[in-house]
Amino acid sequence: MTAETQKETLGFQTEVKQLLHLMIHSLYSNRDIFLRELVSNASDALDKLRFEALSKNDLYENDGELKIRLSFDKDARTLTVEDNGIGMNRDDVVAHLGTIAKSGTAEFLKQLSGDKQKDANLIGQFGVGFYSAFIVADEVEVYSRKAGEPASAGVHWQSRGEGEFSVEPYEKAERGTRVVLHLKPDASEYLDGWKLRSLIKTYSDHIAFPVEMPKEAEGEDDKKEAGTEWEVVNAAKALWTLPRNEIKEEEYKEFYKHIAHDWQDPLYRSHNKVEGKHEYTSLLYIPSHAPFDLYNREAPRGLKLYIKRVFIMDDAEQFLPLYLRFVKGVLDSADLPLNVSREILQDSQAVRSIKSALTKRVLDMLSKLAKEDAEKYQTFWKTFGQVMKEGPAEDYANREKIAKLLRFTTTVSQSADEDQSLGDYISRMKEGQQKIYYLVGESWEALRNSPHLEVFRKKGVEVLLLHGRIDEWLMSHLTEYDGKQFVDITKGDLDLSGLEDEEEKKQHEEQEKAAEPLIKRIKAVLENEVEDVRVTHRLTDSPACLVLSEHDMGIQMKRILEASGQTLPDAKPVFEINPDHALVKRLEAEQDEGRFESLARVLFDQARLAGGEHLKDPAGFVSRLNNLLLELAEH
């Protein structure tokens, strides 16, 4: 016997061991899901065979009646799920049943806490798939042969879910996969025909292929004949092809769980049939929680694509933009070519047209959700808001629609929660206010105490407080909304002319003229560190602040780029002083040039700290501050 034909024992991937242990010990209250997962996997195998057979009809091996069969043996205490789908060879079995073929595994494992109830929810978010069999079985066997390969190419996989599995050759005449579960002593309920039928009706009624079980004997005289005849126990219709008024809400929810491999209900859905230039049906879902690979832009994503009810691919990413990668669902088109490939999809005018329509459909779904149920929309925003912020940069055509869906923290917010829309902001704008003001920083706590807000508080003008990681990048692409321009209050010469009266303007002009000698002295001290020094129009309580030039990069974006290894040129800020503040008056009165320089530099460094920047020379700042405090103490 060669090495290839011998039985081989292999170890599970480390992540699989941990997941198996957690599932076996954490999911007792949700045990029924194992059957839904195994039937879903069988359905996927049938879908894939039907697609492959479009170009290789002989893969059907004279058996074109695709089906899933469910049976049990009370004496042997086994439950069997069998399909005549695409099947697996030895390499497939080792790849699919020995590893977790899903991105986000490491992030998933980091989230686990050891609390069974919490971890059970996390496992559900991650997607349990085939491994859920070990919730009810202490041993699982898989017999499989890939369609188109000889009977001798069959394979037998076996494991007790304890860290190892074995793989050996197996003579299998029929193509497809048979999963045999050796049930645990406390799982006897799954050896009952009525219970299994009930679970299929509940979880898998929408599967587009027939799920068959042996016909039950009705009386004692019929028991000898029982099991010889098979009957279909599910509706076996593609759910998305049915009229909406014939589909129950529970059926929609279970179909979502089937396609998304999720065990929580979706947050929202939309089912539509489009006729006209392009005919297609879409059933789109907004999940209620984020997958672990949400922020991995390279992770598999997209809709399940069918053409005239024939499965084409699992992750058809061409039909929705990247910022909507969280959307799950099915697209069934009547006029895309059946020999479709990823290249054809990307270049097709029909695909571009459908993508545009589906994108608008999702944005309309979200707008409707925001109007109908603000609390539910807030749940959506907390989960997917950071991804939606990628939209204005990626989808210029829908920028206004996306902007309506964005949520922010503002100076009227009671917490760091992003719960205010741009529409809310505009409805509260002051008379004469023509612009939308915003402030970017690392945290809500730092922003709400920023000196840059002082004049806005005094005038009662609301400001957006942007503390998300990509908020500054977002605002570089979102320049206006509803005809009103966005203004970063830390950049340029702040123009509040629409909110000032003539007396205030006159007062500012007088201050600027009176402060000219002081500004000249400060410039001489800080000439290598600042672009300019001027009187502020922003401050009411603080002595000074730093302002960036109109087109300079903000602190937040600069840090992100530096963290990625990019070297950026130093941009000198503008130093603005408040002539009415006691410290600035003290500085103006100082005759000793050495003490004047120390005090000017302390004010400059304080302004840098208040703006969220790091000091270039923290030791020098502390030394100057200590000297000033000692002098103060001596007086």
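## A walk through the predicted chain

The protein chain holds 22 helices and 22 strands, where helices (H or I, at least four residues) and strands (E, at least two) are DSSP runs numbered from the N terminus. This is a predicted model, in which local features need pLDDT of at least 70 and side-chain atom pairs count only at pLDDT 80 or more, while totals for chains, interfaces and linings use all residues. Residues are numbered from 1 along each chain as its sequence is written, and side-chain values use heavy atoms, with hydrogens and water left out.

Let's start with the chain as a whole. Of its 635 residues, 52% count as buried; buried means under 20% relative accessible area, exposed over 50%, and partly exposed in between (1.4 Å probe, protein chains only). Among contacts (heavy atoms within 4.5 Å) with a separation of 6 or more, 71% join residues 24 or more positions apart.

Now to the interior. A nonpolar core is a set of buried Ala, Val, Leu, Ile, Met, Phe, Trp, Tyr and Cys residues joined through side-chain atoms within 4.5 Å. The largest one has 69 residues, of which Ile286, Phe319, Phe326, Phe380, Met388 and Tyr437 touch the most other members. Helix 9 (residues 349-372) gives the most to this core, contributing ten residues. Another core, of 51 residues, lies apart from it and includes Leu46, Leu79, Ala147 and Leu191.

Of its 20 residues, 15 are buried, so helix 2 is largely enclosed by the rest of the structure. Its end C-alpha atoms are 29 Å apart, which agrees with the 28 Å that its 20 residues should span at 1.5 Å a residue; the expected span is 1.5 Å times one less than the number of residues.

In the loop between helix 2 and strand 2 (68-73) you will find Asn62. Its phi is positive, near 60 degrees, in a residue other than glycine, and Asn62 is exposed, with a relative accessible area of 87%. Arg77, in the loop between strand 2 and strand 3 (78-83), also is not a glycine and has a positive phi of about 55 degrees. Arg77 is partly exposed, at 24% relative accessible area.

Further along, Ser421 sits in the loop between strand 15 (409-410) and helix 13 (422-427). Ser421 is buried, with a relative accessible area of 12%, and touches Lys404, Leu406 and Arg407, not counting residues up to four places away in sequence.
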